[in-house]
Amino acid sequence: MSTVFFDTLYLSREEAGMAAYESTAEFTIEMTPVEGPLQGTSRFDFTKVWTGAMEGRGAGVMLSGGDPNVGEAGYVALERFEGTVDGRCGCFELQQFGLMSGGEGSLSYAVVPGSGTRDLAGIQGTIDLNTSNGHHVTFRYTLPD
């Protein structure tokens, strides 16, 4: 059983009135380099087209530092998704935090709490990204019942 923290009480999703879902989707991305805000950093503005269980468009900004050519780098990104998730219409923000050290990478990719609108109000979740053949995602999320 998964738990969600609400007002100092640990409640199951069912007790908290949340329904859990898992969906798959993919996206294409177009990135435009922009001057980095600090010396030694890079910035990219990007747009995405999402298909599958997530149908819609995304737009955002990515900031990076380090040197990915030698396997040492990091980035943060913030994206606004507008469209549908499993037929539910609305918008929400996604946040990414990626690190690479010694050529090994890690990624945290999650819905920004409190950012959901319309049918997606109250959405919480995480995304697993597979880039071995395109950009394929598994989206695990909850919504209020």
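This is a predicted model: local features need pLDDT of at least 70, side-chain atom pairs count only at pLDDT 80 or more; totals for chains, interfaces and linings use all residues.
A polar contact is a pair of N or O atoms within 3.5 Å, where one must be able to donate a hydrogen and the other to accept it within protein.

Glu 79 sits in strand β6, which covers residues 72–85. The side chains of Glu 79 and Trp 50 are joined by a polar contact of 3.0 Å, and the Glu 79 side chain makes another with the side chain of Lys 48, at 2.9 Å. Is Glu 79 buried or exposed? Its relative accessibility is 2%, so Glu 79 counts as buried.

Glu 82 counts as partly exposed because its relative accessibility is 45%. Beyond residues up to four places away in sequence, Glu 82 touches Glu 55, Gly 56, Arg 57, Gly 90 and Cys 91. Look also at Phe 92: it is 10 residues from Glu 82 along the chain, and the two C-alpha atoms are separated by 6.9 Å.

Which residues make a nonpolar surface patch of about 320 Å²? They are Leu 63, Val 76, Phe 97 and Leu 99. Leu 63 belongs to strand β5, residues 54–67. At 34% relative accessibility, Leu 63 lies between the 20% and 50% cut-offs, so Leu 63 counts as partly exposed.

Note on methods
Residues are numbered from 1 along each chain as its sequence is written. Side-chain values use heavy atoms; hydrogens and water are left out. Helices (H or I, at least four residues) and strands (E, at least two) are DSSP runs, numbered from the N terminus. Buried means under 20% relative accessible area, exposed over 50%, partly exposed in between (1.4 Å probe, protein chains only). Contact means heavy atoms within 4.5 Å. Patches are made of residues with over 30% relative accessible area and no salt bridge: like charges are joined within 9 Å, nonpolar side chains (Val, Leu, Ile, Met, Phe, Trp, Tyr) within 5 Å. Accessible areas come from the Shrake-Rupley method with a 1.4 Å probe; for residues, only the protein chains shown count as cover. A salt bridge is a side-chain nitrogen of Lys or Arg within 4 Å of a carboxyl oxygen of Asp or Glu.
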